[in-house]
Amino acid sequence: EGPDGSGKSSLVPPLAAALAAGGCEVVTTREPGSTPLGELMRRLVLDVEPPIDRGGRADALLFAASRAQHVDEVIAPALARGAVVLCDRYADSSLAYQGAGSGVPMDQLREVQRFATGGLVPDLTILLDLPVEVGVARKSAEITRFEAFQDTAYHERVRAAFLGFAAAEPDRYAIVDGAGDPETVLAGAV
């Protein structure tokens, strides 16, 4: 997990390789995505064209629908056979983006996430943290509607939410400085 540009997508392959080298079956996933419905949802919720103006509640429900399918088709079966699942974003992203970022009430959003995930919570969440301006600069070549249509204050609220989640659940979260080079970030994550 982490704010935009923190390096989540870049970290997943080398982290998966390190776990596989240790003898684990590893399944890598991303949200939204990783299922046919998830990939359709990904385009719908992230593409800047067409410029569809949606509120946080609508976004939360779209992400939750994708997540429910993702859990049913990919995550739960992998866990059932003993695999380690590395997911590039999960329910905490909805809490940060639609909750803290867009103002959807957290208690309602938490209920939607519990329903979408069937109560499945990660054993470990690696939070890649970095200053908002660094993350936004990294994402300059890949603009989603979250970069195109949200201001710095929105991204600051998202980052603060992730840090708040980590402070509230220190046994589940490991905070890694995402501002370093990829090798340093990987070393902090393993």
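The model is predicted.

**Whole chain**

Follow the sequence and the pattern reads α-β-α-α-β-α-α-β-α-α-α-β-α. The radius of gyration is 16 Å, close to the 16 Å from the globule rule for 190 residues, so the chain is as compact as a globular protein of that length.

Now show the C-alpha trace alone. Along its principal axes it spans about 45 × 35 × 30 Å.

Switch to a surface. The chain exposes about 9300 Å², and carbon and sulfur atoms supply 58% of that area. Of the 190 residues, 44% count as buried.

**The largest nonpolar core**

Hide the surface and go inside. In soluble globular proteins, nonpolar side chains tend to be buried together. The largest nonpolar core here has 14 residues. Select Ala96, Tyr97, Val158, Phe162 and Phe165, which touch the most other members. Two elements give two or more residues to this core: H4 and helix H8 (152-168). Which of them gives the most? H8 does, with six residues.

Centre on valine 158. Leaving aside neighbours within four places in sequence, it is in contact with Ala96, Tyr97 and Gly101.

A second, separate core has 11 residues. To find this second core, select Leu15, Leu86, Leu128 and Val176, which are included in it.

**Aspartate 92**

Next, pick aspartate 92, in helix H4. Is it buried or exposed? Aspartate 92 counts as buried because its relative accessibility is 9%, and the cut-off is under 20%. Show what surrounds it. Leaving aside neighbours within four places in sequence, aspartate 92 is in contact with Glu1, Thr125, Phe162, Phe165, Arg172 and Tyr173.

**Serine 66**

Move to helix H3, where serine 66 lies. At 2% relative accessibility, serine 66 counts as buried. Which residues does serine 66 contact, leaving aside its neighbours within four places in sequence? They are Pro32, Gly33, Gly38 and Met41.

**Helix H5**

Finish on H5. Select residues 106-117. This helix has 12 residues and reaches 16 Å from its first C-alpha to its last, close to the 16 Å expected at 1.5 Å a residue.

Colour Leu109, Gln113, Ala116 and Thr117, the buried residues of H5. They cover an arc of only 85° around the axis, which puts them on the same side of H5. What covers these buried residues? The cover includes helix H3 (56-80) and helix H4 (91-101). H3 is the helix that holds serine 66, and H4 holds aspartate 92.

Last, step just past the end of H5. Glycine 118 follows the helix, and its phi is positive, near 65°.

Methods:
Residues numbered from 1 in each chain as written. Predicted model: local features only at pLDDT ≥ 70, side-chain atom pairs only at ≥ 80, totals over all residues. Heavy atoms only, no water. Helix = DSSP H or I, 4+ residues; strand = E, 2+ residues; numbered from the N terminus. Expected span 1.5 Å × (residues − 1). Buried < 20%, exposed > 50% of the residue type's maximum accessible area, 1.4 Å probe, protein only. Arc of directions from axis to C-beta. Contact = heavy atoms within 4.5 Å. Rg over C-alpha atoms; globule rule 2.2 N^0.38 Å. Areas by Shrake-Rupley, 256 points an atom, 1.4 Å probe, with all protein chains shown as cover. Core = buried A, V, L, I, M, F, W, Y, C linked by side-chain atoms within 4.5 Å.
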